[in-house]
Amino acid sequence: MAITDAPKIITSRLGYDDSYTLERYLATGGYAGLRKALSMTPEAVAAEVDAASLLGRGGAGFPAGRKWSMLRKNPLTYLVINGDESEPATFKDHMLIEGDPHQILEGVLISAYALQVSQAFIYLRGEFALGLERLQTALNEAYAHGAVGTDIFGSGFSLDVVVHPGAGAYICGEETALLESLEGKRGFPRIKPPYFPAAIGLYGEPTVVNNVETMANIPWIINNGAAAFAALGAGRSTGTRLFALAGHVRKPGNYELEMVKTTFRDLIYAPVLGGGIRGSNTLKAFIPGGVSAPWFGPDQVDLPLGQDEVGDAGSMLGSGSVVVMDSDTCMVRAAWRITKFFSRESCGQCTPCREGSGWLERIMYRIENGAGREEDLDLLMDLCDNISPGVAWPPQQTTICVLGPSIPSSIASGIRMFRDEYLVHVKEGGCPFD
Amino acid sequence: MSHLNADIRERAKELVSLYPQPRSALIPLCHLAQEQDGWLRPEAVEEIAELCGVTAAEVRGTATFYDMLHTEPVGTYVVSLCTNIACMLGGALELLEHAEASLGVRAGGTTVDGVFTLEESECLADCDRTPCVQVNHRYMGAQTPESFDALVGDLRSGALSGTVPPHGTLVRVRRSVGLVADRSAIVEERATASEAQAARAAAAGGGKKA
């Protein structure tokens, strides 16, 4: 089977110029899933999603159906959609929000019905000005169409949806920080336990937080059935997934691919996908799932794009973003920039993350700029060990949220895979790629 | 005496009414205040506090956490240039150097004429078009040093005034309706649904036993 044979579950409309309008949405089967769901019982809808084994598409990969089953029945429960996409080199939700906002809304409405929540909020990253406008327009259209509001499509089910803008903070992608932000506060992740907002969420009430891409899958699952969805992919990784390919490839972009059936090699080199490394360069390293993930080298390029497959190999599929670095890339500079990002975006609550990220960034900077010392390599690893004891994968945690343990990934990968390159920086007193 | 003009204040009240607790409207209201003033003036902070039922210190506490909320004046055009990993691999550090020289300010600074603020930003989620630049949070596509200078020229001449509003205006689409589902009706509806669900569960459970 060719790698592009799987059905386009979430990107089917993106080829149209007017893919974001209600007119196009209705002309291409839009809101049929919502009508079908409303004719079923809420628990039957939830069971369908559970049977599809849809893994959450935000980064942690927790099964959506299991998350839903944790929601305590209570008249005040909320559904919050996480559209704060900020993981570096991840740009899939951005495309879905601008390109097909009704599909997300339909997913939200079906989910809200299954969960019988009292109100839904879609938290979008503030920097998505066009996305916010497209989604608000779609929501206005959906209200006028009778798909949102009172007595939706005559079913007796009522729901309000609110589009909420963030204001620029990576940490608000962490679900408890997102809820704090939605309550009008600083985006500080909450102390766990409770581990899930299903116990104590928005305003202390039971809340389910799902990712935008997760929502985009729901209408298809209801329309085509859980079995059709679960038949795609393999093992725990069912359905398709959007992979955001960035860096030194000829054709960077978002590609919807069947889970597990394609490999990193296909994604990077297939002519219909990444099209290979730019110029005549070769692959040096790649990041398989957002900058929080440990790096892979060319020998791991044949791994399939599946959650467990990548996890077993010592990294994670995470946010589904793949960053390709070619032979001209300085590994110290790449890891330095990623570390600088974590240092800037640490919320500052926990000392290991707040202080550790800053110290790591400054040491990386001095190595890259020729002031490094040989013992800095051990110092870096020691600092990483203080943030995440053992510097292993999956990581140990000394902090409230997983931002802290994500910091060592790029540095530890760099030192493990490219120790000589770090040492050349130290010995030559500068970056050999300058 | 209200600092926010009548239209903005009206929209602010609409936003507050969308949330179970008024404080949730705090960030959207900060965006609205920036739409009026370009940044968060102390008078606006006081008024947002009043509208959300919190203290001005709480508004400042929240606002200072977020990159997009400015407690000091910024230029008419905030130019955000991403240098994170995907953009760095696409030449963003070199572009930033060029932009600093071209605009005559370091990242974080505002030009003396108050037209441009240059920001070195984190990932803006447009990573297949690198290096990525946003102006007032509108995507400008991949930029080269040459196209960057042309972009600056177009912004200065007003050629892009239709697509790029002055800094602060985030969402130009207004919500068409408030909350239409009455809260007490929702609670009643959910209670009925919950009873029906329990009855179905009991019936199904009974079936299994028999």
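This report covers the two chains of a predicted model, from overall dimensions to single residues.

**Chain dimensions**

Chain A holds 17 helices and ten strands. Its radius of gyration is 22 Å, close to the 22 Å that the globule rule gives for 434 residues, so chain A is as compact as a globular protein of that length. Chain B has eight helices and four strands. For chain B the radius of gyration is 23 Å, while a compact globule of 210 residues would have one near 17 Å. The elements of chain B, read from the N terminus, follow the order α-α-α-α-β-α-α-β-β-β-α-α.

The table sets out further values for each chain.

| Chain | C-alpha span along principal axes | Buried residues | Contacts (at least 6 apart in sequence) that join residues at least 24 apart |
|---|---|---|---|
| Chain A | roughly 75 × 45 × 35 Å | 60% of 434 residues | 72% |
| Chain B | about 80 × 50 × 30 Å | 42% of 210 residues | 63% |

**Domains of chain A**

Chain A is split into three parts: domain 1 (22-230), domain 2 (242-326) and domain 3 (331-428). Domain 2 of chain A and domain 3 of chain A have C-alpha centres 23 Å apart. Their contact draws ten residues from domain 2 and eleven residues from domain 3.

Strand E2 of chain A covers residues 119-124. Six of its six residues are buried. Gln119(A), Phe121(A) and Tyr123(A) point one way from E2(A). Ala120(A), Ile122(A) and Leu124(A) point the other way. Both sets are buried.

E2(A) pairs with strand E1 (residues 78-83) of chain A in the parallel sense, over six bridges. Within that pairing, Tyr123(A) is the bridge partner of Asn82(A). E2(A) also pairs with strand E3 (residues 161-165) of chain A, again parallel, over five bridges. There, Val162(A) is the bridge partner of Phe121(A).

**The nonpolar core**

In soluble globular proteins, nonpolar side chains tend to be buried together. Here the largest nonpolar core has 192 residues. Val80(A), Val108(A), Phe286(A) and Leu29(B) touch the most other members. Helix H6 (residues 101-115) of chain A supplies the largest share of this core, with nine residues.

Which residues does Val108(A) contact, leaving aside its neighbours within four places in sequence? They are Leu79(A), Ile81(A), Ala120(A), Ile122(A), Val161(A) and Met215(A). Among these, Ala120(A) and Ile122(A) point the same way from E2(A).

**Helix H8**

How many residues of H8(A) are buried? Eight of eight are. The buried residues include Glu175(A), Thr176(A), Glu180(A) and Ser181(A), as well as Leu178(A), Leu179(A) and Leu182(A). Their cover includes E1, E2, E3 and strand E4 (207-211) of chain A. Helix H2 (26-37) of chain B is also part of that cover. After H8(A) comes Gly184(A), with a positive phi near 90°.

**Contact between the chains**

The contact between the chains takes 61 residues from chain A and 55 residues from chain B. On the side of chain A, the elements that give two or more residues are helix H3 (42-51), H7, E3, helix H8 (175-182), strand E7 (240-247), strand E10 (321-326) and helix H13 (331-345). H7(A) gives the most, with eight residues.

**A partly exposed leucine**

Leu423(A) sits in helix H17 (residues 408-428) of chain A. Is Leu423(A) buried or partly exposed, and why? A buried residue needs 20 or more C-beta neighbours within 10 Å, and an exposed one has 12 or fewer. Leu423(A) has 15 inside 10 Å, so Leu423(A) counts as partly exposed. Ile367(A) is 56 residues away from Leu423(A) along the chain. Their C-alpha atoms are separated by 8.9 Å.

How values were computed. Residues are numbered from 1 along each chain as its sequence is written. Chains are lettered from A and ligands numbered from 1 in the order in which they are written. This is a predicted model: local features need pLDDT of at least 70, side-chain atom pairs count only at pLDDT 80 or more; totals for chains, interfaces and linings use all residues. A nonpolar core is a set of buried Ala, Val, Leu, Ile, Met, Phe, Trp, Tyr and Cys residues joined through C-beta atoms within 7 Å. Two residues are in contact if their C-beta atoms, placed from the backbone, lie within 7 Å. Two strands pair if DSSP finds at least two bridges between them. The radius of gyration is taken over C-alpha atoms; the globule rule is 2.2 Å times the number of residues to the power 0.38. Domain bounds come from an automatic or database domain assignment.
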